[in-house]
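I opened my notebook and went through this one entry by entry.

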Amino acid sequence: MRLFRNLHNLIVYSIVLSMLSCGTLKRQQSTVPEQTQPQIVDPSNLGYSDSSINTFYYTEGIKAAKLYGDTAAARRFFELTVSRDSTYAPGYFELANIALLSDPEYALEISRKANRFDSTNVWYQTQLAQLMIMNERYAEALDQFTRLIRLAPNNPDNYRYLAALYEHNKQPFSAIAVLDSAETRFGKIVELSEYKCQLLTDMQLIDRAIDEMNELIVNFPFDENHYLTLAQLYARQKNDSLAHAAFDRARTLNPNSTKVLMALNAYYKQHNDYLNYFVTAKQLLASDEIMLSAKLRYIGDLTQNRNFYGSNYMQIGDLITTLNELYPYEWEVIKLYAEHLLSGGELDRALEFYKSHTTDSIQHIAVYENIIGIETYLQRSDSVVKYASMAIVHFPDDVDLHLQQGSALAYLKDYKAAQATYESALQMATSDSLRGVTLGLLGDLAHQQGELRKSFRYYEDALHFYPDNPMVLNNYSYNLSVNDRDLDKALAMAERTMELEPGNPTYMDTYAWALYKLGRFEEAKKIMQQTLSLERDPSDELLVHYGDILYALGENFLAGIYWNKAKEAGYDAEQIAQRLQLIETKK
């Protein structure tokens, strides 16, 4: 029924079907041998009289169009007919037929000529009316179709187009009156009755729409779409018992109808009947008629509302499991299933699920990236090294994998292997930003090994390639501060890091520490207070730094509190004891 909502598309659709059926458009390439293709010849040489030459050209044009599908040759023939006789209506009609899809404005102009020279031909009148719609001349088209109904009252299409024009003109009652007159003349026609029902529904005349659909069902009792429409109409009336009965009849007629199932699923959702909603949802996801992309959008809509997702986590999980069973090797489904597990806090299950896909015939780098990400979060560096190595076998040119492997090796204190891995990554880096990141990691590695000069050279090289890399700026600044080297430079880099990523607690800690090292204790305290307010779970290092700053300001009691908090958070107990001894000594 929605076909009527776009008059232009309705006309094009009808015309194309008509042209395909009559041969004006070919469904496939002509199989006629090339030597038999139409040639334009002078008919006078073939013995045709002057009065019959136009008939010859017209006939050859019809043959070219309908037998050979050669519209270019057909157009030349028809142009010859009208050039010889400017009143030759059949030539204009066929020229308009050829041009109507490619140049509807020109086709309308030519069709008007055909009608001017033969105003009684119904075919010409119909073509003109359709071209008026294609060119959005709706007022003219309405008059033309009104005229056509008088000329050809036994063509149901004319009633359908006229009703659509009235609807477009915001005259729905006139549209219904046209459809009623068609019914009086022809009896029930499915398309026209469905259209009338839709018009009545749009006008909120639900009772009349129900009567119309019931009459249609009496005449055509075995179309599940009619029961489906009836069910939706009863649902709008809140007559649930009759709606259920109509839905049941639709499913009885076609138990496998995806359309009916979708409507029923929407009905259950509207009525908050989530038990049946999820049952029908699972049946929809199992349907072969629905594309995977549509199924994924459906699940996406369910998970978008976090409250609804949380309240129905198990039921939505059952739907996602259904998809995973049907499409076990589709990456989007793999990702969806794993993300569902992660949303429910099932980290270990998600990890094992990802690991189960490392043996798939089609490898996805994201599988390994997620495994590495989870294992890094769990601080299992040996597993990070293992899966990064596996990933590198399949994706040897991926620099990030090498960097992740190097970081895990560094954490395990396998500095030699980490150095080699970073250097491999540096050789593969294809951009200055990647070179900067990799050199920064080499700088961190050198600093871990106590090679200060080497680490600072790496940092300088890193900033040469990527001057605003906040991680390198932060680490370089911190390592200079810790070692009391070039503190003004350390502070400048920390300030730049703060500009690049304001509000980052780690970078704020470095900035405060550079201020502390320069003896600017009050400023350092202020920054650390802001940092602690941002951190829900501050690190042991951050806590000990704040304690050191407080001690420098003479706030010994508070300093002791934060040093003890740092010890509880995992900071070296012996170093905390040494700090606390300083307080005892001052008493």
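Predicted model: local features only at pLDDT ≥ 70, side-chain atom pairs only at ≥ 80, totals over all residues.

**Entry 1: a loop residue to begin with.** I started at Lys-238, which sits in the loop between helix 12 (224-236) and helix 13 (240-253). Phi of Lys-238 is near 65°, a positive value in a residue other than glycine. I wrote that down since most residues other than glycine have a negative phi. Lys-238 counts as exposed, because its relative accessibility is 70%.

**Entry 2: another positive phi.** I then turned to Asp-484, which is not a glycine and has a positive phi of about 50°. Its place is in the loop between helix 27 (470-482) and helix 28 (487-500). Is Asp-484 buried, partly exposed or exposed? I found a relative accessible area of 48%, so Asp-484 is partly exposed; the exposed class begins over 50%.

Entry 3: I looked up the confidence next. The average pLDDT of the chain is 90, and 91% of the residues score at least 70. Residues 19-36 are a stretch where pLDDT stays under 50. The model has 28 contacts beyond four places in sequence for residues 19-36.

**Entry 4: the whole chain.** How many helices and strands are there in the chain? I noted 33 helices and 0 strands. The radius of gyration is 39 Å, whereas the globule rule gives 25 Å for 587 residues, so the chain is more spread out than a compact globule. Along the principal axes, the C-alpha atoms fill a box of roughly 125 × 70 × 50 Å. I also noted that 45% of the 587 residues count as buried. Of the contacts with a separation of 6 or more, 50% are between residues 24 or more positions apart. The accessible surface comes to about 30100 Å², and carbon and sulfur atoms hold 50% of that.

**Entry 5: aromatic rings.** I went looking for ring pairs and got a count of 25 aromatic pairs. The pair I followed up is Phe-278 with Phe-308: the ring centres are 6.3 Å apart and the planes are at 20°, so the pair is stacked. This pair links distant parts of the chain, with Phe-278 in helix 15 (residues 274-285) and Phe-308 in helix 17 (residues 306-311), 30 residues apart. Phe-278 and Phe-308 are both buried. Which residues form one aromatic cluster with them? I found Tyr-274 and Tyr-277 in the cluster, alongside Phe-278 and Phe-308.

**Entry 6: charges over rings.** I checked two cases here. The charged end of Arg-116 sits over the ring of Phe-117, 5.8 Å from the ring centre. Lys-565 lies over the face of Tyr-562, and I get 4.8 Å to the ring centre for that one.

Entry 7: Leu-296 is in helix 16 (residues 292-304). With 22% relative accessibility, Leu-296 counts as partly exposed, because buried means under 20%. What does Leu-296 touch, not counting residues up to four places away in sequence? I listed Leu-323, Glu-332, Val-333 and Leu-336. I also looked at Ile-320, which is 24 residues from Leu-296 in sequence and 9.2 Å away in space, C-alpha to C-alpha.

Pro-156 lies in helix 8 (residues 156-168). Its relative accessible area is 27%, so Pro-156 is partly exposed. Leaving out residues up to four places away in sequence, Pro-156 touches Phe-186, Ile-189 and Leu-192. Pro-156 and Glu-183 are 27 residues apart in sequence, with 9.3 Å between their C-alpha atoms.

**Entry 8: two last stops.** Val-393 lies in helix 22 (residues 381-394) and is exposed, with a relative accessible area of 64%. The C-alpha atoms of Val-393 and Tyr-507 are separated by 36 Å, and the two are 114 residues apart along the chain.

I finished at Ala-577 in helix 33 (residues 573-586). Ala-577 counts as partly exposed at 42% relative accessibility.

Note on methods: Residues numbered from 1 in each chain as written. Heavy atoms only, no water. Phe/Tyr/Trp six-rings, centres within 6.5 Å; stacked < 30°, edge-to-face > 60°. Helix = DSSP H or I, 4+ residues; strand = E, 2+ residues; numbered from the N terminus. Buried < 20%, exposed > 50% of the residue type's maximum accessible area, 1.4 Å probe, protein only. Lys NZ or Arg CZ within 6 Å of the ring centre and 35° of its normal. Rg over C-alpha atoms; globule rule 2.2 N^0.38 Å. Contact = heavy atoms within 4.5 Å. Areas by Shrake-Rupley, 256 points an atom, 1.4 Å probe, with all protein chains shown as cover. pLDDT = per-residue confidence, 0-100.
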